[in-house]
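Dear colleague,

Please find below the structure that I am handing over to you. My notes on it come directly after.

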Amino acid sequence: MSKNLNRYDILVVEDNPGDYLLVEDFLLETRVTKNIRLAKDFQSARDILKDELSHIDLIFLDLSLPDLEGEELISRIKEYSKNVPIIILTGYTDVDFAIKTLSLGASDYLLKDVLNTTVLHKSILYNIERNKTMVNLKESEQRYSDLFHFSPLPMWVYDKKSLKFLDVNDAAIEHYGYSYEEFLAMDITDIRPPEEISALKDSMIKQRQPNKNIYHGEFTHLKKNGDRIRVEIRSNSFLFRGLQAQIILVNDVTERNLHIEAVEKQNEILKDIAWTQSHVVRAPLARLMGLVNAMKNERITDSDKEIFYNHILKSAEELDEIVKSVVSKSQEINVNSQNE
(Lines give C-alpha, C1' and ligand atoms only; values in the text may rest on other atoms or scores of the structure.)
Protein backbone atom coordinates (compact mmCIF):
# COMPACT_ATOMS: atom_id res chain seq x y z
CA MET A 1 0.00 0.00 0.00
CA SER A 2 2.84 2.38 0.72
CA LYS A 3 6.15 3.19 -0.94
CA ASN A 4 7.35 4.66 2.36
CA LEU A 5 10.42 2.75 3.56
CA ASN A 6 10.26 4.02 7.14
CA ARG A 7 8.86 1.75 9.81
CA TYR A 8 7.74 2.99 13.20
CA ASP A 9 7.37 1.70 16.74
CA ILE A 10 3.75 2.24 17.78
CA LEU A 11 2.28 2.19 21.29
CA VAL A 12 -1.46 1.51 21.48
CA VAL A 13 -3.00 2.43 24.86
CA GLU A 14 -6.33 0.58 24.79
CA ASP A 15 -8.21 -1.50 27.39
CA ASN A 16 -10.83 -2.91 25.02
CA PRO A 17 -9.47 -6.17 23.40
CA GLY A 18 -11.84 -5.89 20.43
CA ASP A 19 -10.87 -2.30 19.65
CA TYR A 20 -7.18 -3.18 20.00
CA LEU A 21 -7.41 -6.10 17.54
CA LEU A 22 -9.15 -3.85 15.05
CA VAL A 23 -6.48 -1.15 15.37
CA GLU A 24 -3.68 -3.74 15.20
CA ASP A 25 -5.08 -5.21 11.96
CA PHE A 26 -5.29 -1.77 10.37
CA LEU A 27 -1.78 -0.88 11.53
CA LEU A 28 -0.30 -4.08 10.08
CA GLU A 29 -2.00 -3.35 6.76
CA THR A 30 -0.42 0.10 6.59
CA ARG A 31 3.05 -1.54 6.41
CA VAL A 32 4.58 1.44 8.22
CA THR A 33 4.73 -0.30 11.59
CA LYS A 34 7.89 -1.97 12.87
CA ASN A 35 6.64 -2.93 16.33
CA ILE A 36 3.24 -2.57 17.97
CA ARG A 37 3.14 -2.48 21.77
CA LEU A 38 -0.03 -2.65 23.86
CA ALA A 39 -0.72 -0.94 27.20
CA LYS A 40 -4.07 -1.75 28.77
CA ASP A 41 -3.99 1.04 31.35
CA PHE A 42 -2.16 4.26 32.20
CA GLN A 43 0.30 2.59 34.59
CA SER A 44 1.45 0.17 31.86
CA ALA A 45 1.75 3.00 29.32
CA ARG A 46 3.74 5.08 31.78
CA ASP A 47 6.15 2.17 32.46
CA ILE A 48 6.79 1.68 28.74
CA LEU A 49 7.35 5.41 28.16
CA LYS A 50 9.67 5.68 31.18
CA ASP A 51 11.78 2.71 30.03
CA GLU A 52 14.96 4.22 28.55
CA LEU A 53 15.47 1.10 26.41
CA SER A 54 11.99 1.42 24.92
CA HIS A 55 11.62 3.39 21.69
CA ILE A 56 8.23 4.75 20.65
CA ASP A 57 7.56 6.85 17.54
CA LEU A 58 3.82 7.41 17.99
CA ILE A 59 1.08 6.77 20.58
CA PHE A 60 -2.55 5.86 19.92
CA LEU A 61 -4.46 6.71 23.10
CA ASP A 62 -7.94 5.64 24.13
CA LEU A 63 -9.42 8.27 26.44
CA SER A 64 -11.18 5.89 28.83
CA LEU A 65 -8.87 3.57 30.77
CA PRO A 66 -9.52 1.67 34.00
CA ASP A 67 -7.12 3.83 36.07
CA LEU A 68 -7.37 7.22 34.33
CA GLU A 69 -9.42 8.98 31.68
CA GLY A 70 -10.18 12.20 29.85
CA GLU A 71 -8.12 15.38 30.13
CA GLU A 72 -6.05 14.16 33.06
CA LEU A 73 -5.07 11.03 31.10
CA ILE A 74 -3.86 13.17 28.17
CA SER A 75 -1.89 15.44 30.48
CA ARG A 76 -0.20 12.53 32.27
CA ILE A 77 0.68 10.70 29.03
CA LYS A 78 2.02 13.98 27.62
CA GLU A 79 4.19 14.23 30.72
CA TYR A 80 6.00 11.00 29.81
CA SER A 81 5.77 11.02 26.00
CA LYS A 82 8.99 13.03 25.39
CA ASN A 83 7.64 14.93 22.34
CA VAL A 84 6.25 11.73 20.78
CA PRO A 85 3.02 12.56 18.87
CA ILE A 86 -0.19 11.39 20.57
CA ILE A 87 -3.24 10.48 18.47
CA ILE A 88 -6.51 10.25 20.40
CA LEU A 89 -8.79 7.27 19.63
CA THR A 90 -12.31 7.72 20.93
CA GLY A 91 -15.93 7.08 20.23
CA TYR A 92 -16.93 10.61 21.25
CA THR A 93 -18.09 12.87 18.42
CA ASP A 94 -17.99 16.04 20.51
CA VAL A 95 -16.13 18.62 18.38
CA ASP A 96 -15.44 20.93 21.34
CA PHE A 97 -13.86 18.07 23.25
CA ALA A 98 -11.76 17.17 20.21
CA ILE A 99 -10.42 20.73 20.07
CA LYS A 100 -9.80 20.58 23.81
CA THR A 101 -7.63 17.46 23.44
CA LEU A 102 -5.52 19.21 20.80
CA SER A 103 -5.00 22.17 23.13
CA LEU A 104 -3.80 19.70 25.78
CA GLY A 105 -1.02 18.52 23.50
CA ALA A 106 -2.58 15.74 21.39
CA SER A 107 -1.46 15.74 17.76
CA ASP A 108 -4.64 14.35 16.20
CA TYR A 109 -8.12 13.07 17.03
CA LEU A 110 -9.62 10.00 15.32
CA LEU A 111 -13.07 8.47 15.76
CA LYS A 112 -13.06 4.70 16.22
CA ASP A 113 -16.23 4.34 14.14
CA VAL A 114 -14.54 5.67 10.98
CA LEU A 115 -11.16 4.00 11.39
CA ASN A 116 -9.68 2.15 8.44
CA THR A 117 -6.24 1.42 7.07
CA THR A 118 -6.10 4.54 4.90
CA VAL A 119 -7.08 6.87 7.74
CA LEU A 120 -4.48 5.36 10.09
CA HIS A 121 -1.78 5.36 7.42
CA LYS A 122 -2.27 9.05 6.60
CA SER A 123 -2.54 10.00 10.24
CA ILE A 124 0.68 8.17 11.18
CA LEU A 125 2.78 9.71 8.40
CA TYR A 126 1.30 13.21 8.79
CA ASN A 127 1.71 13.36 12.55
CA ILE A 128 5.23 11.91 12.63
CA GLU A 129 6.49 14.27 9.91
CA ARG A 130 4.67 17.21 11.47
CA ASN A 131 6.15 16.34 14.83
CA LYS A 132 9.67 16.29 13.33
CA THR A 133 9.10 19.78 11.96
CA MET A 134 7.77 21.03 15.29
CA VAL A 135 10.71 19.50 17.18
CA ASN A 136 13.19 21.10 14.75
CA LEU A 137 11.39 24.43 15.14
CA LYS A 138 11.52 24.19 18.94
CA GLU A 139 15.22 23.31 18.82
CA SER A 140 15.83 26.28 16.52
CA GLU A 141 13.92 28.58 18.89
CA GLN A 142 15.92 27.18 21.81
CA ARG A 143 19.21 27.84 20.00
CA TYR A 144 18.11 31.43 19.32
CA SER A 145 17.07 31.82 22.96
CA ASP A 146 20.42 30.47 24.21
CA LEU A 147 22.42 32.72 21.87
CA PHE A 148 20.31 35.69 22.90
CA HIS A 149 20.16 35.21 26.66
CA PHE A 150 23.71 33.85 27.14
CA SER A 151 25.33 36.62 25.07
CA PRO A 152 27.91 38.56 27.14
CA LEU A 153 26.91 41.71 25.24
CA PRO A 154 23.60 43.52 25.87
CA MET A 155 20.89 42.53 23.39
CA TRP A 156 17.20 43.26 23.02
CA VAL A 157 14.31 42.94 20.61
CA TYR A 158 11.83 45.75 19.99
CA ASP A 159 8.62 46.16 18.03
CA LYS A 160 9.37 48.27 14.94
CA LYS A 161 5.86 49.77 15.05
CA SER A 162 5.38 50.65 18.73
CA LEU A 163 9.14 50.78 19.57
CA LYS A 164 8.32 48.76 22.73
CA PHE A 165 10.91 46.37 24.10
CA LEU A 166 9.77 42.79 23.45
CA ASP A 167 12.67 40.84 24.97
CA VAL A 168 15.90 41.72 26.79
CA ASN A 169 18.87 39.55 27.75
CA ASP A 170 20.59 39.34 31.14
CA ALA A 171 23.63 41.35 29.96
CA ALA A 172 21.37 44.32 29.08
CA ILE A 173 19.62 44.11 32.45
CA GLU A 174 22.96 44.13 34.28
CA HIS A 175 24.55 46.84 32.13
CA TYR A 176 21.64 49.33 32.05
CA GLY A 177 20.29 48.71 35.56
CA TYR A 178 16.64 48.17 34.61
CA SER A 179 14.78 44.99 35.58
CA TYR A 180 13.28 42.79 32.86
CA GLU A 181 9.79 44.06 33.72
CA GLU A 182 10.95 47.69 33.63
CA PHE A 183 12.47 47.18 30.18
CA LEU A 184 9.24 45.65 28.82
CA ALA A 185 7.28 48.65 30.15
CA MET A 186 9.49 51.07 28.17
CA ASP A 187 10.23 51.80 24.52
CA ILE A 188 13.64 52.44 22.97
CA THR A 189 13.30 56.25 23.20
CA ASP A 190 13.38 55.96 27.02
CA ILE A 191 17.09 55.07 26.96
CA ARG A 192 18.01 57.90 24.58
CA PRO A 193 18.86 61.51 25.60
CA PRO A 194 16.38 64.05 24.14
CA GLU A 195 18.96 65.52 21.77
CA GLU A 196 19.46 62.12 20.07
CA ILE A 197 15.81 61.31 19.33
CA SER A 198 16.13 62.86 15.86
CA ALA A 199 19.21 60.70 15.15
CA LEU A 200 17.21 57.68 16.29
CA LYS A 201 14.38 58.51 13.88
CA ASP A 202 16.89 58.96 11.04
CA SER A 203 18.40 55.54 11.74
CA MET A 204 14.94 53.95 11.74
CA ILE A 205 14.20 55.50 8.35
CA LYS A 206 17.42 53.96 7.02
CA GLN A 207 16.39 50.58 8.44
CA ARG A 208 13.17 50.72 6.39
CA GLN A 209 15.03 51.14 3.10
CA PRO A 210 15.11 48.08 0.78
CA ASN A 211 18.08 45.75 1.38
CA LYS A 212 18.92 47.66 4.58
CA ASN A 213 17.98 45.04 7.12
CA ILE A 214 21.41 45.20 8.74
CA TYR A 215 22.27 48.54 10.38
CA HIS A 216 25.09 49.78 12.58
CA GLY A 217 25.99 53.13 14.13
CA GLU A 218 27.23 54.86 17.29
CA PHE A 219 24.84 56.54 19.71
CA THR A 220 24.47 57.80 23.28
CA HIS A 221 22.35 55.75 25.69
CA LEU A 222 21.12 56.45 29.21
CA LYS A 223 21.43 54.01 32.08
CA LYS A 224 18.83 53.85 34.84
CA ASN A 225 21.20 55.78 37.17
CA GLY A 226 21.43 58.59 34.60
CA ASP A 227 24.93 57.75 33.36
CA ARG A 228 25.50 58.41 29.67
CA ILE A 229 27.35 55.80 27.64
CA ARG A 230 28.50 55.72 24.03
CA VAL A 231 27.49 52.51 22.31
CA GLU A 232 27.98 50.86 18.95
CA ILE A 233 24.72 49.39 17.68
CA ARG A 234 24.28 46.51 15.24
CA SER A 235 20.75 45.52 14.33
CA ASN A 236 18.76 43.31 12.01
CA SER A 237 15.08 42.91 11.17
CA PHE A 238 13.16 39.70 11.74
CA LEU A 239 9.72 38.36 12.65
CA PHE A 240 9.30 37.92 16.42
CA ARG A 241 6.10 36.43 17.86
CA GLY A 242 4.23 37.55 14.77
CA LEU A 243 5.54 41.14 14.95
CA GLN A 244 7.97 42.97 12.68
CA ALA A 245 10.85 43.39 15.09
CA GLN A 246 14.44 44.60 15.29
CA ILE A 247 17.13 42.72 17.21
CA ILE A 248 19.87 44.92 18.70
CA LEU A 249 23.43 44.06 19.72
CA VAL A 250 25.10 46.71 21.91
CA ASN A 251 28.81 47.29 22.48
CA ASP A 252 29.63 49.92 25.12
CA VAL A 253 32.57 51.92 23.71
CA THR A 254 32.62 54.65 26.37
CA GLU A 255 35.94 53.55 27.90
CA ARG A 256 37.47 52.97 24.47
CA ASN A 257 36.50 56.46 23.30
CA LEU A 258 37.89 58.06 26.49
CA HIS A 259 41.16 56.19 25.95
CA ILE A 260 41.37 57.38 22.34
CA GLU A 261 40.68 60.99 23.43
CA ALA A 262 43.42 60.75 26.08
CA VAL A 263 45.92 59.38 23.55
CA GLU A 264 45.04 62.13 21.07
CA LYS A 265 45.49 64.79 23.77
CA GLN A 266 48.86 63.35 24.76
CA ASN A 267 49.94 63.33 21.12
CA GLU A 268 49.10 67.04 20.89
CA ILE A 269 51.19 67.74 24.00
CA LEU A 270 54.10 65.74 22.61
CA LYS A 271 53.88 67.68 19.34
CA ASP A 272 53.96 70.94 21.33
CA ILE A 273 57.00 69.77 23.30
CA ALA A 274 58.79 68.76 20.13
CA TRP A 275 58.02 72.15 18.54
CA THR A 276 59.28 73.92 21.70
CA GLN A 277 62.52 71.98 21.66
CA SER A 278 63.16 72.66 18.01
CA HIS A 279 62.15 76.34 17.89
CA VAL A 280 61.73 78.07 21.26
CA VAL A 281 64.84 76.57 22.86
CA ARG A 282 66.98 77.41 19.86
CA ALA A 283 66.70 81.25 20.25
CA PRO A 284 68.11 81.70 23.83
CA LEU A 285 70.58 78.89 23.25
CA ALA A 286 71.93 80.59 20.11
CA ARG A 287 72.28 83.88 22.00
CA LEU A 288 74.15 82.19 24.82
CA MET A 289 76.54 80.51 22.41
CA GLY A 290 77.17 83.80 20.59
CA LEU A 291 77.81 85.74 23.81
CA VAL A 292 80.15 83.11 25.22
CA ASN A 293 82.15 82.94 21.96
CA ALA A 294 82.44 86.75 21.88
CA MET A 295 83.80 86.84 25.43
CA LYS A 296 86.12 83.90 24.75
CA ASN A 297 87.67 85.63 21.74
CA GLU A 298 88.24 88.79 23.88
CA ARG A 299 86.56 91.00 21.30
CA ILE A 300 84.77 93.03 23.97
CA THR A 301 86.05 95.66 26.37
CA ASP A 302 85.92 95.32 30.15
CA SER A 303 83.19 97.95 30.28
CA ASP A 304 80.98 95.85 27.97
CA LYS A 305 81.46 92.65 29.95
CA GLU A 306 78.81 93.69 32.51
CA ILE A 307 76.34 94.14 29.65
CA PHE A 308 77.28 90.70 28.25
CA TYR A 309 76.87 89.08 31.67
CA ASN A 310 73.35 90.54 31.94
CA HIS A 311 72.44 89.23 28.46
CA ILE A 312 73.82 85.81 29.37
CA LEU A 313 71.82 85.78 32.61
CA LYS A 314 68.63 86.87 30.81
CA SER A 315 69.06 84.15 28.15
CA ALA A 316 69.77 81.54 30.83
CA GLU A 317 66.60 82.58 32.72
CA GLU A 318 64.59 82.40 29.49
CA LEU A 319 66.00 78.94 28.82
CA ASP A 320 65.17 77.91 32.38
CA GLU A 321 61.51 78.96 31.93
CA ILE A 322 61.32 76.93 28.71
CA VAL A 323 62.73 73.87 30.46
CA LYS A 324 60.19 74.29 33.29
CA SER A 325 57.38 74.50 30.70
CA VAL A 326 58.55 71.29 29.03
CA VAL A 327 58.74 69.52 32.43
CA SER A 328 55.21 70.75 33.29
CA LYS A 329 53.78 69.41 30.02
CA SER A 330 55.57 66.09 30.54
CA GLN A 331 54.01 65.80 34.01
CA GLU A 332 50.60 66.47 32.43
CA ILE A 333 51.12 63.39 30.22
CA ASN A 334 51.93 61.32 33.30
CA VAL A 335 48.76 62.54 35.07
CA ASN A 336 46.62 61.64 32.04
CA SER A 337 48.18 58.17 31.88
CA GLN A 338 47.40 57.55 35.57
CA ASN A 339 43.77 58.63 35.04
CA GLU A 340 43.17 56.09 32.22
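The notes below describe what was found, grouped by topic.

This is a predicted model, in which local features need pLDDT of at least 70, side-chain atom pairs count only at pLDDT 80 or more, and totals for chains, interfaces and linings use all residues. Residues are numbered from 1 along each chain as its sequence is written, and side-chain values use heavy atoms, with hydrogens and water left out.

Salt bridges

The count comes to 16 salt bridges, a salt bridge being a side-chain nitrogen of Lys or Arg within 4 Å of a carboxyl oxygen of Asp or Glu. As a general point, side chains of opposite charge can pair when their charged atoms come close.

E196, E218, R230, E232 and R256 are linked in a network of salt bridges. Helices (H or I, at least four residues) and strands (E, at least two) are DSSP runs, numbered from the N terminus. E196 counts as buried, at 12% relative accessibility, whereas R230 is partly exposed, with a relative accessible area of 27%. Here buried means under 20% relative accessible area, exposed means over 50%, and partly exposed lies in between, with a 1.4 Å probe and protein chains only.

R256 forms a salt bridge with E218, for which the closest N and O atoms are 3.9 Å apart. That pair links distant parts of the chain, with R256 in helix 9 (residues 254–280) and E218 in strand 8 (residues 215–222), 38 residues apart. R256 is partly exposed at 38% relative accessible area, and E218 is partly exposed at 32%.

R256 also forms a salt bridge with E232, with 3.2 Å between the closest N and O atoms. Again distant parts of the chain are linked: R256 is in helix 9 and E232 in strand 9, 24 residues apart. E232 is partly exposed, with a relative accessible area of 27%.

D108 lies in strand 5 (residues 108–111). The side chain of D108 makes a polar contact of 3.1 Å with that of S123. A polar contact is a pair of N or O atoms within 3.5 Å; within protein, one must be able to donate a hydrogen and the other to accept it, and residues adjacent in sequence count only if both atoms are side-chain atoms. Leaving aside neighbours within four places in sequence, D108 is in contact (heavy atoms within 4.5 Å) with I86, I87, I88, L102, S123 and N127.

S235 in strand 9

S235 is placed in strand 9 and counts as buried, at 4% relative accessibility. A polar contact of 3.1 Å joins the side chains of S235 and Q246. The C-alpha atoms of S235 and E317 are separated by 62 Å, the two residues being 82 residues apart along the chain.

Positive phi angles

Most residues other than glycine have a negative phi. R31, although not a glycine, has a positive phi of about 60 degrees. R31 is found in the loop between helix 1 (17–30) and strand 2 (33–39) and is exposed, with a relative accessible area of 52%. K82, which is not a glycine either, has a positive phi of about 55 degrees. K82 is found in the loop between helix 3 (70–80) and strand 4 (86–90), and is exposed at 58% relative accessible area.

With kind regards
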